[in-house]
Amino acid sequence: MEIPASIRERQNNYGGIVEHREFIERLSHLDTPCLCDADRSLRVMSREIRLRSGTRIMAGIARTVRVNEDFLGVIEALGDSLPGEVLVVDGQGGSLALAGELFASEARRRGLAGLVVDGAVRDSGTIAALDLPVYSRWINPLAGTKVRAGQGQIEICCGGVTVKPGEIIFGDADGIVVASLKELESIVEKAEAIQAREADILDRIRKGEDLTAMR
C-alpha cells in the first residue's frame, strides 16, 4: 500500500530533525552575534521581529506557513508539527493576531523549538512567562479570522528574509538567523572560536585588564 504524501512528508521531516539533532545541540551553545561575526552574509530577520518570551536559545528546523489575517493555517501547521521544529509564519503584512497563549502552549507541549510570527501575537503576559521562544512583529489583542486555509511547507518571507522548509532557524535575544545546514556547518568552528576568544577577553576585563590595550 502506498504511504500517503502527508505521512511521507512527516517521516522525512522527522528524519531530518533526528539527523541534525547533534549539530543543532552544538549550535545551542553559541549566540547570534558569534554566527554573524563568522559570516556577515547570513540571513538575519528584521529587528522588528522581537522576542516576546523567555530568553533561551531557539535552534530548530523550519516548518513554514503563509496566511493572511487568518489563523486557520497556523492551526493546521501546528497540528502537523514535530518536536524540534520552529513554526515560522508569514503573515503577509497583516496586523491581526495569528497566535496567542493557546498556540504557544501547544507548541511547547509538542516539543517545538520555537514560534516565529511575521505578524501579531496576543496574550503577551502569558507568553512572556512561557518557556518557549516566541517572536513576533507586533502585539495585537484582536485576532484574525479562522476560515481560510494557509499555504504550508513552502518558501516564505519572514522578517524580510527567505525561509525554506527544513532550513535551520537560530535565535536569541539579539535576533534570528536563517541558514541552510551546509552554510552553518561551514562556519560553526569559526563561530566557536570567536565565542571562545570573546569569553577570554571578558574574563581578562573582569580581572582588571584594559580592553583597549588588548591585541
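**Close-up views of a predicted model**

View 1. C157 is partly exposed, at a relative accessible area of 38%, whereas C158 is buried, at 0%. (Buried means under 20% relative accessible area, exposed over 50%, and partly exposed in between, with a 1.4 Å probe and protein chains only.) Please keep in mind that this is a predicted model, where local features need pLDDT of at least 70, side-chain atom pairs count only at pLDDT 80 or more, and totals for chains, interfaces and linings use all residues. Residues are numbered from 1 along each chain as its sequence is written, and side-chain values use heavy atoms, with hydrogens and water left out.

**View 2. The sulfur atoms of the cysteine pair.** Seen from C158, the closest cysteine sulfur is the one in C157. The structure holds 0 disulfides, a disulfide being a pair of cysteine sulfur atoms within 2.5 Å.

**View 3. L30 in its loop.** Look for L30 in the loop that runs between helix 1 (5-27) and helix 2 (32-38). L30 counts as buried, with 5% relative accessibility. Which residues does L30 touch, leaving aside its neighbours within four places in sequence? They are L35, I57, F170, V188, A191, E192 and Q195, where contact means heavy atoms within 4.5 Å. L30 and A196 lie 166 residues apart in sequence, yet their C-alpha atoms are 9.8 Å apart in space.

**View 4. The whole chain, for orientation.** The protein chain has 6 helices and 12 strands; helices (H or I, at least four residues) and strands (E, at least two) are DSSP runs, numbered from the N terminus. Its radius of gyration is 18 Å, close to the 17 Å that the globule rule gives for 215 residues, so the chain is as compact as a globular protein of that length. (The radius is taken over C-alpha atoms, and the rule is 2.2 Å times the number of residues to the power 0.38.) Along the principal axes, the C-alpha atoms fill a box of roughly 60 × 45 × 30 Å. Of the 215 residues, 44% count as buried. Among contacts between residues at least 6 apart in sequence, 75% join residues at least 24 apart.
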